[in-house]
Structure formats: structure tokens, C-alpha cells
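Visitor: I have a model open and would like to go through it piece by piece. Can you take my questions as they come?
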Amino acid sequence: MLVSAKEMLTKAKAGKYAVGQFNINNLEWTKAILQTAEELKSPVILGVSEGAGKYMCGYTTVVGMVNGMLNELGITVPVALHLDHGSYDGAMACINAGFSSVMFDGSHYPIEENIAKTKELIAICDEKGISLEAEVGAIGGEEDGVVGNGEVADPNECKMIADLGVTMLAAGIGNIHGKYPENWAGLSFETLDAIQQLTGEMPLVLHGGTGIPADMIQKAISLGVSKINVNTECQIAFAEATRKYIEAGKDLSGKGFDPRKLLADGTAAIKATVKEKMELFGSVGKA
Ligand SMILES: [Zn+2]
């Protein structure tokens with residue numbers, strides 16, 4: 001059964017580790033992540049962007065697929081199904097479709113409007129036992145075609161949103177979606193520390209987990225980050241393994257064209273990436 005992300009993140013914050021959010025795109029992705037979480041006895045959050053939701057034929061299809069897998073694969077670790085960077089309407093649609101967690105990304109609104117919309121969603125989520133992630137200070141890079149510039153959040157605005165009663169808070173601390181540029185300045189730990197000082201027990205979320213050096217990840221966790229989003233890294237691993245399969249001519253030998261064979265190496269690469277991240281984040285054995 002899907003669970004809210006609240007309990008797993010509260011435990012993570014107290015235990016000084018982070019739970020990975022791994023974005024899903026199809027059945028292979030979802031199965032690879034769930035099997036790895038179960039093997040490593042790690043809690044896990046499955047992320048779905050609005051674009052990926054559309055690609056998978058809509059949110060009810062996603063909920064049906066994930067619930068089916070939890071049952072058929074015998075998954076016992078805590079799993080949250082989470083909307084990533086949702087609009088207000090997208091969040092409502094996911095709540096109604098059976099997601100156990102949603103992110104409302106109101107970071108592009110003026111702070112007053114972000115607060116008003118976040119408040120409405122908190123009331124609905126609280127009633128249904130769904131966790132809610134809010135965002136302050138846009139995360140740079142590209143997310144579903146929206147390009148931002150690696151902003152740093154205002155800690156006081158973070159406190160205003162945290163005090164509304166959201167479950168977890170994403171704040172820009174110089175992190176970027178997608179691949180990091182050569183001249184990236186790194187994470188702003190000063191900002192992160194200031195945000196944690198003001199928001200206390202609130203689990204903080206680090207977006208754009210792909211390509212942040214391991215020592216920065218660990219420092220971020222020590223400063224209150226309890227959820228880390230990974231998306232691009234699984235995509236790159238999948239694409240690389242699939243390319244190698246084709247380049248080696250494996251699809252041309254025997255029944256190598258069978259999609260179950262064609263996608264197998266890519267799927268194994270996703271599993272390896274998820275395992276590496278769970279070990280880095282410290283969530284192994286915490287389910
Ligand atoms: Zn993000």
C-alpha cells in the first residue's frame with residue numbers, strides 16, 4: 001500500500017540520512033526502482049512529473065501500475081507515489097487519482113500567492129493523509145521545458161511556507177536540474193544552514209541530485225536535507241546501457257530484438273544507479 005512521505009522523512013531527518021526520490025517514466029523504470037528498494041530494505045519515493053504522467057497515459061494509469069507492482073512484487077518497504085513540480089491543478093488531479101504525496105511548485109508565483117495556494121492544498125492533503133512538498137526559490141535548469149537559473153532561496157520566505165504546515169520543503173540553494181555546467185558554483189551551504197536554523201524539524205528537499213559530488217551530498221544531509229531527487233542520472237544510465245546493447249549488435253543476434261531483452265541492460269543500469277544513490281544517501285536498511 002502506498003504511504004505518505006511524512007513518516008519516512010521524519011525518521012530520515014532524525015536519523016541523519018536522506019530518502020531518494022527517483023522519477024519514473026514507464027514500467028521498467030518503476031519495477032527497477034521498487035525491486036532495488038526492496039532488496040536494500042530502503043524506503044523510497046517514486047517521482048512523477050506532469051510530463052511523465054501524461055506520457056504514461058495519465059495519473060490513474062500510474063496509480064494502477066504502481067499499486068499492482070507493490071502487490072505482485074511483494075513490496076514491504078514504505079513507498080510514496082509523489083507528483084514532482086506539480087501545478088495547482090496537477091496536484092488536485094493526483095490527489096484525486098490516488099497519489100500518496102504531491103509537490104506544489106508555486107515558486108514562480110509572488111510569495112503571497114504561493115502561500116495562498118499552498119494553504120488550500122495543505123487543508124486537502126491533511127484531510128486525506130497525503131504529504132505535501134512546497135518550493136521556495138526556483139531550482140535552476142530545465143524541468144519539463146521550464147528553464148530556471150539556479151536561484152538561492154530567501155530563508156525567511158522558507159520559514160513562512162514551512163510554518164503553514166507543509167510536510168517537506170524544497171529550497172533553491174544553487175542546485176540545478178539536469179547536468180551541471182562546468183562553471184557551477186556548488187551548493188550554498190550557508191543558505192541551507194540558515195534555512196534549517198529557521199525551519200527546525202522540517203525535512204528539506206534537494207532537487208537536481210544528478211552530478212552533485214558525494215561530499216556535497218553528505219554535507220547537505222548533515223544540514224537537514226532528508227529527501228534527494230534523482231532523475232537525469234537514471235536516464236543517462238539507461239540510455240548508455242541501451243546504446244551499448246545496440247552498438248554491440250545484440251539486437252541483431254538471435255531474439256535480441258525482443259523488447260524484454262532490448263530493455264534489460266538499461267533496466268539493470270537503473271537498478272545499479274538507484275543502489276549507488278541509496279548507499280550514498282544512507283537509506284539502506286532503514287525501511
Ligand atoms: Zn526538481
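Visitor: Which residues of helix α7 are buried?
Guide: In helix α7 (residues 155-162), the buried ones are Pro155, Cys158, Ile161 and Ala162. Buried means that 20 or more other C-beta atoms lie within 10 Å of the residue's own; 12 or fewer is exposed, anything in between is partly exposed, and C-beta atoms are placed from the backbone. Helices (H or I, at least four residues) and strands (E, at least two) are DSSP runs, numbered from the N terminus.

Visitor: Where do they sit around the axis of α7?
Guide: They are on the same side of α7, because they cover an arc of only 115 degrees around the axis. The arc is that of the directions from the helix axis to the C-beta atoms.

Visitor: And what covers them?
Guide: The cover of the buried residues of α7 includes α6 (111-128), β5 (131-136), β8 (168-171) and α8 (189-199). Contact here means C-beta atoms, placed from the backbone, within 7 Å.

Visitor: Before I go on, what sort of model is this?
Guide: It is a predicted model: local features need pLDDT of at least 70, side-chain atom pairs count only at pLDDT 80 or more, and totals for chains, interfaces and linings use all residues. Residues are numbered from 1 along each chain as its sequence is written.

Visitor: Back to α8, then. Which residues are buried there?
Guide: Thr191, Leu192, Ala194, Ile195, Gln196 and Thr199 are buried in α8. Their cover includes α7, β8, β10 (204-206) and α9 (214-222). Just after α8 comes glycine 200, with a positive phi of about 60 degrees.

Visitor: Which residues other than glycine have a positive phi?
Guide: Lysine 16 is one of them, with phi near 60 degrees. Cysteine 57 is another, at about 75 degrees. Most residues other than glycine have a negative phi.

Visitor: Where is lysine 16, and is lysine 16 buried or exposed?
Guide: Lysine 16 lies in the loop between α1 (6-15) and β1 (19-23). It counts as exposed because it has 12 other C-beta atoms within 10 Å.

Visitor: Where is cysteine 57 found?
Guide: Cysteine 57 is in the loop between α3 (50-55) and α4 (59-72). With 11 C-beta neighbours inside 10 Å, cysteine 57 counts as exposed.

Visitor: Glycine 174: buried or exposed?
Guide: Glycine 174 is buried, with 20 other C-beta atoms within 10 Å. It lies in the loop between β8 and β9 (176-177).

Visitor: New topic. How do the axes of α10 and α12 cross?
Guide: Helix α10 (residues 232-247) and helix α12 (residues 264-281) have axes that come within 7 Å and cross at roughly 145 degrees. Axes are lines fitted to C-alpha atoms, for helices over the stretch in contact, and angles run from 0 to 180 degrees between N-to-C directions.

Visitor: Which residues meet there?
Guide: From α10 they include Phe238, Ala241 and Tyr245, and from α12 they include Ala269, Ile270 and Thr273.

Visitor: Last one, the whole chain. What does it contain?
Guide: The protein chain has 12 helices and 11 strands. Buried residues make up 47% of its 287 residues. Of its contacts with a separation of 6 or more, 71% are between residues 24 or more positions apart. Its C-alpha atoms fill a box of roughly 60 × 45 × 35 Å, taken along the principal axes.

How values were computed. Two residues are in contact if their C-beta atoms, placed from the backbone, lie within 7 Å.
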